[in-house]
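Please walk me through this model in the viewer. Tell me what to select at each stop and what is there.

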Protein chains: 2
Amino acid sequence: MAIVTVIGATTWGNTIGKLLVKKGIPVNIWARTEARARELNEEQENLAANNDLIKYLSFTNDIDAALKSSEFVIMGIPAQSLRQTARTINDHITSNMVLVSLSKGLEAETGKRMSEIIPEEITSTSSEKICILSGPNLSQEIKQGLPATTILASRNDDIAQRARDLFHSPNFAVFTSNDVVGTELCGALKNVIALGAGMVDGLQLGENAKATLITMGWNEVTSLGISLGAQLSTFYGLAGLGDLITTCAGNLSRNHYVGFEVATGLPLEEVKTSMINIAEGIDTTLAVNRLANKLGQKMPIINIIYKVLFGELPPSEISESFKQGLNPQANI
Amino acid sequence: MAIVTVIGATTWGNTIGKLLVKKGIPVNIWARTEARARELNEEQENLAANNDLIKYLSFTNDIDAALKSSEFVIMGIPAQSLRQTARTINDHITSNMVLVSLSKGLEAETGKRMSEIIPEEITSTSSEKICILSGPNLSQEIKQGLPATTILASRNDDIAQRARDLFHSPNFAVFTSNDVVGTELCGALKNVIALGAGMVDGLQLGENAKATLITMGWNEVTSLGISLGAQLSTFYGLAGLGDLITTCAGNLSRNHYVGFEVATGLPLEEVKTSMINIAEGIDTTLAVNRLANKLGQKMPIINIIYKVLFGELPPSEISESFKQGLNPQANI
């Protein structure tokens, strides 16, 4: 029986950990502080009805204990913390461990994907050992046992199949892919499009304009992906279109909230102060803008989202800027 | 100045007619009965504030008067009525007229697209003279002057450009395409996917499952399109993904309503009786099922939608059928 370690007792990390525990797989979840690990262990012991969880799941702040005999290491942490956390666990990772990234973001300073950062910071791994799990996965629904699908991407087909078999469950259908670049870009960049969708809603431009922004924006993302070596079909598969739809369709995502508030004139710093959790799309917008500039890739819709987000347009010009962006041939 | 005739005083036909009138283009709208034409003319005269409408727009039941000197004939009628209406107007169409189809559906009995039916019934036209207008276009928003985009498709580039210039406005960005087949299939088949999205909502399977159904279903539609000679990019452009998002994202579409009610156990005939307007997706589901069978094209998601819609599954099996359809590899 494989032993699994989840690095980061985040909402999504815990959800994935519990999904595995329900399959009878022993899971250690590493929390950042001893207090947090203790709190989560106690919480769990109080759930007396759910015996499986008590038997197979334990939270710990001891990184050595957490990773001991582990076969799969699941990185369940926000994208901007990944590099630092990878450094922290580096000494405890052995070359036989498979690493699975759950993060949906790009590093703000470098535009790098998670599968690029991990081998830079973890000396005993290689890109062959890295997997990406990404798809239309609202964690609340997966906790409830509602059906969902996802993509498990790895460069190495055998590793992909092993990791796929680990996660696959009757209510969580896991499909393999060898497009690591595309799968990561999809998960990261749909958050940027969700920011834009929130902006269009904040400006009350309507559903037609929102669908246009999502479509044009996603085509820009796809072109960027292709030029980075990703596969077209990934952007229109479950990790792409699927995740885009769950994130952009409702008004529930944190990124949508940020876009909405910023478009109506609230400065980004104030919006951030009002939030408990991080909206991954903010830093990823910085990252993709840097990446586009570096590659000389034209991304006009993403560029409007960037300018509005970081206050580079006067509030009075925001609405007009979107209208022009959605109608680049308007002057007839 | 071009004279435009809209055939069919439908919601969308009237909206497009009024959009043109606002550009100063004279528009005749042909209504099915004299009473309806009179009613619409009176309604309009009462809108005293809007002088342009009074000057350039007239409703009539006289097909000869409606089409006299017309340069563009816009077919604004439901897909299942198109053949009959085309027969009715056949004698009044001349070979110089450009025909624009607004219908989003396939003929139930034959699986044919609107651009296939028109030249079968209108003797003096050719497929070169036919255009398709389709995109993320909720008519209510276009009436309000909110920004929108759409695709104008024609096999003939000059005709496409002329028709594009006719419709293009600051708040209605029209992009040309030469993919008639793809543009028509997108407009028709997103209604079938919306039926499925409604079903998933009716079964309370959640947003993850709904995004999965939309993604898998749209990939089936895309494959069908490719085998019929359509272009891949159309399915991920404004007429494809754009229209799919406006139709499936909210719960407002008639097709979503039908899917929702049928999935919760109400027979289709009862649902239809409860509706004033037609849900185009119903007949188009019949059509696409026939088309898939004829071509030997596997469309498992579309097939579940078809079976649920036409009562071929006992209500107790509907939920399980969707879960299996979304997780074809579940048995591990």
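Select B:Leu232. This is a predicted model. Is B:Leu232 buried, partly exposed or exposed? B:Leu232 has a relative accessibility of 36%, so it counts as partly exposed. The cut-offs behind that call are under 20% for buried and over 50% for exposed. B:Leu232 belongs to helix H11 of chain B, residues 232-235.

Together with B:Leu232, they make a nonpolar surface patch of about 300 Å². Both chains contribute to the patch.

**The two copies**

Chain A is laid on chain B by a turn of 180 degrees, with a shift of 0.0 Å along the axis and an RMSD of 0.0 Å. The two copies are thus related as by a two-fold rotation axis. Which C-alpha of chain A is nearest the axis? Select A:Ala249: its C-alpha is the nearest one in chain A, 2.6 Å from the axis.

Next, colour the interface residues. Of those in chain A, 100% are also interface residues in chain B, so the copies meet through the same surface.

**Helix H5 of chain B**

Select residues 82-89 of chain B, which form helix H5. Which residues of this helix are buried? They are B:Leu82, B:Arg83, B:Thr85, B:Ala86 and B:Ile89. Look down the helix axis: the buried residues of H5(B) fall within an arc of 165 degrees, so they line one face of the helix.

Now show what that face packs against. The partners of the buried residues of H5(B) include strand E1 (4-7) and strand E2 (27-30) of chain B. H4, E4 and helix H6 (114-121) of chain B are also packed against them.

**Two positive phi angles**

Stay in chain B and select B:Ser69. It sits in the loop between helix H4 (63-67) and strand E4 (72-75). Its phi is positive, about 60 degrees, although B:Ser69 is not a glycine. Most residues other than glycine have a negative phi. B:Ser69 counts as exposed, at 57% relative accessibility.

Go on to B:Gln204. Here the loop runs between helix H9 (180-202) and helix H10 (207-227) of chain B. B:Gln204 also has a positive phi without being a glycine, at about 55 degrees. With a relative accessible area of 66%, B:Gln204 is exposed.

**Salt bridges**

How many salt bridges does a search of the whole structure find? Over all chains, the search finds 32. Side chains of opposite charge can pair when their charged atoms come close.

Select A:Arg113 and A:Glu184. They form a salt bridge, with the closest N and O atoms 2.9 Å apart. This pair links distant parts of the chain, 71 residues apart. A:Arg113 is in the loop between strand E5 (98-101) and helix H6 (114-121) of chain A, and A:Glu184 is in helix H9 (180-202) of chain A. A:Arg113 is buried, with a relative accessible area of 11%. A:Glu184 also counts as buried, at 7%.

Cross to chain B and select B:Arg113 with B:Glu116. Their side chains meet in a salt bridge at 3.4 Å, N to O. B:Arg113 counts as buried at 11% relative accessibility, whereas B:Glu116 is partly exposed at 28%.

Return to chain A for a network. Select A:Arg83, A:Arg87, A:Glu107, A:Lys112, A:Glu120 and A:Glu121: salt bridges that share partners join them into one network.

Then select A:Glu269 and A:Lys272. The N to O distance in this salt bridge is 3.8 Å. Both residues lie in helix H14 (residues 268-273) of chain A, three residues apart, about one turn of the helix. An α-helix has 3.6 residues a turn, so residues three or four places apart point the same way. A:Glu269 counts as exposed at 52% relative accessibility, while A:Lys272 is partly exposed at 37%.

**Last stop**

Select A:Lys23, in the loop between helix H1 (11-21) and strand E2 (27-30) of chain A. A:Lys23 is partly exposed, with a relative accessible area of 32%.

How values were computed:
Residues are numbered from 1 along each chain as its sequence is written. Chains are lettered from A and ligands numbered from 1 in the order in which they are written. This is a predicted model: local features need pLDDT of at least 70, side-chain atom pairs count only at pLDDT 80 or more; totals for chains, interfaces and linings use all residues. Side-chain values use heavy atoms; hydrogens and water are left out. Helices (H or I, at least four residues) and strands (E, at least two) are DSSP runs, numbered from the N terminus. Buried means under 20% relative accessible area, exposed over 50%, partly exposed in between (1.4 Å probe, protein chains only). The arc is that of the directions from the helix axis to the C-beta atoms. Contact means heavy atoms within 4.5 Å. Copies are superposed by least squares on the C-alpha atoms of residues with pLDDT of at least 70 in both. Patches are made of residues with over 30% relative accessible area and no salt bridge: like charges are joined within 9 Å, nonpolar side chains (Val, Leu, Ile, Met, Phe, Trp, Tyr) within 5 Å. Accessible areas come from the Shrake-Rupley method with a 1.4 Å probe; for residues, only the protein chains shown count as cover. A salt bridge is a side-chain nitrogen of Lys or Arg within 4 Å of a carboxyl oxygen of Asp or Glu.
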